[in-house]
Amino acid sequence: IDTSGEVFTISGTPQAVSMAELAIKEIIDKGYMSIEYEDFKEGEVPVHPDHFPDLIGKEGSVIRKMKEVLGVEVTIPRDVPPRSKTYSAKKYKVKLAGKAEGVDQAKEAIDSLVKYGYSPITHEDHVHDTVEVPAWAYSFIIGKGGSELKHIQSNFKVRVNIPREHSEVQDVVIVGYKDGVERAKTYIEKVVWNAENQTKGRDKREDGEGGDHWGEEEEEAWMKSYLYKR
């Protein structure tokens, strides 16, 4: 392949030239070549934009993990309109390419990330559990300015996913190491019980070391409808 000038010139046997031309077009259009993989396969998974951050991870950690472990290319759609009051339920196709087995495993990983915010491939030794919480009680779990949610995540080193409009699971999901998940679930159930019984027990906290295992939880726009003022 002669790459001098603006036009690439491919020389060789007809079959080799045809394969090289296809490979170059794939790199330009898709960012990868199918000939790189044995048993090549392409796939796609419809995902709502709300879940893209879970697929990407902090500084791209999750998507890089999928690529490294499974040996697949994962392409997140870029043609997604910005959030607005008319934000729709439309899902966009996350595209996958690579060895067939890896693509199938990536689909399973994405399904788990969308439902629970983690997958065994991207978050080793993590588990999850769910808590059925009435919508009116979300504000007690989140706390003023997100303070209660930050406390739970920091104290028990877990991530707590509050259901949103487009969430696949409409229960509160707790993700982390087994012991932390169990303790966080007990704590959340106590917070909800106290709220239902109109006590002030929601402010009582268990002792534990600080340091958020999942990173600082900023107050987001979706929290505002659940926040309460003391």
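Let's start with a pair of strands: S1 and S3 run antiparallel and are joined by eight bridges. Along this pairing, Glu44 stands opposite Lys95 in S3. Please keep in mind that the model you are looking at is predicted.

Now step back to the whole sheet. Three strands form an open sheet in the order S1-S3-S2, and their pairing is antiparallel. S1 and S2 are the edge strands, each pairing on one side only. From one strand to the next, the twist averages 20 degrees. In general, strands of a sheet pair through backbone hydrogen bonds, in either a parallel or an antiparallel way.

Next comes the helix that meets this sheet. H4 lies across S1, S2 and S3, and runs at about 145 degrees to S3. Helix H4 covers residues 100–116, which makes 17 residues, and reaches 24 Å from its first C-alpha to its last, close to the 24 Å expected at 1.5 Å a residue. After H4 comes Gly117, with a positive phi near 85 degrees.

Which residues of H4 are buried? They are Ala100, Gly102, Val103, Ala106, Ala109, Ile110, Ser112, Leu113 and Val114. An α-helix has 3.6 residues a turn, so residues three or four places apart point the same way.

What covers the buried residues of H4? The cover includes the strands and helices in this table.

| Element | Residues |
|---|---|
| Strand S1 | 40–47 |
| Helix H2 | 52–56 |
| Helix H3 | 61–70 |
| Strand S2 | 72–75 |
| Strand S3 | 92–99 |

Note on methods:
Residues are numbered from 1 along each chain as its sequence is written. This is a predicted model: local features need pLDDT of at least 70, side-chain atom pairs count only at pLDDT 80 or more; totals for chains, interfaces and linings use all residues. Side-chain values use heavy atoms; hydrogens and water are left out. Helices (H or I, at least four residues) and strands (E, at least two) are DSSP runs, numbered from the N terminus. The expected span of a helix is 1.5 Å times one less than its number of residues. Buried means under 20% relative accessible area, exposed over 50%, partly exposed in between (1.4 Å probe, protein chains only). Contact means heavy atoms within 4.5 Å. Two strands pair if DSSP finds at least two bridges between them. Axes are lines fitted to C-alpha atoms, for helices over the stretch in contact, and angles run from 0 to 180 degrees between N-to-C directions.
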